[in-house]
Amino acid sequence: MPRIVIRTGQRIVRGPLRITPDGIDYPDPRPDDRDAEGVLWARVAGEASGPPDYAVPHPRRQRAAMEDPRRLLCQVGMGPATVTPDGVLWIVPRPRGTAAEPLGPRWPAGRTVEPPVCAAHAPAAARWCPPLRARGYAALLVRQAPLVAVRGTLYRPLPGGRVERVRGAHFELDQDADDQTVDARLLLADHLVRSLEDVTEVDLRDPELYRDAVPCDAGR
């Protein structure tokens, strides 16, 4: 079962939130609500009582899998992702090939919110993940994967005390504050975003990929 997703009985919590002069916050702040940069993260509530919801990543686990470049984690087992001399193993969904989501000259390089995988769990990830199963995928060895953005819901104050919610907003980590269109103080994060660069496409059917492969969560 992929550990990166929530399970039936759980839900993503995006409120209620209070807006203060310092930004958004929960009415009952907790020490683990914010990351090292001070960005507020969505919570998960409820008991994991049923099967996994493959379409909904767990925000805190997605962050844990993507945050540390020295220890990127497999989206299935949440253990170390496979690292080879040619890079870290990643599986990315194929774009739809529409005007809104073109294949693009950079694909399969580009941005992703999908954490990497270990070789032993790669076939399972390709079967379980709805975008990978429905749209096809590319398996990649990635030499460079810098952290480039935080994605989430922007809470934008409006006149009259109203608040506009903008889903899918990105806070760019490589831009100066004056150039940002998103105020990190008003962002409720749910994904970290990495840019996959210097990639080599591999075939999941190649037995060499699985030489000495052990599930990343073996022994837990």
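## Exercises on strand pairing

Thr-84 stands opposite Gly-87 in strand 9. The model is predicted.

**Exercise 1.** Find how strand 8 is joined to strand 9, and in which sense the two run.

*Solution.* Start with strand 8, residues 83–84. Two bridges join strand 8 to strand 9. The two strands run antiparallel.

**Exercise 2.** Follow the pairing from strand 9 to strand 11, then on to strand 14.

*Solution.* Strand 11 spans residues 137–144. Strand 9 pairs with strand 11 over six bridges, antiparallel. Here Leu-89 faces Leu-141 of strand 11. Next, five bridges join strand 11 to strand 14, again antiparallel. Leu-140 has Glu-201 of strand 14 as its bridge partner.

**Exercise 3.** Work out the sense in which strands 5, 10 and 12 each pair with strand 14.

*Solution.* Strand 14 holds residues 187–202. Take strand 5, residues 40–41: two bridges join it to strand 14, and they run parallel. Leu-40 stands opposite Leu-188. Take strand 10, residues 110–112: three bridges, antiparallel. Arg-111 sits opposite Ser-195. Take strand 12, residues 147–157: seven bridges, antiparallel. Leu-147 has Arg-194 as its bridge partner in strand 14.

Key
Residues numbered from 1 in each chain as written. Predicted model: local features only at pLDDT ≥ 70, side-chain atom pairs only at ≥ 80, totals over all residues. Heavy atoms only, no water. Pairing = 2+ DSSP bridges. Helix = DSSP H or I, 4+ residues; strand = E, 2+ residues; numbered from the N terminus.
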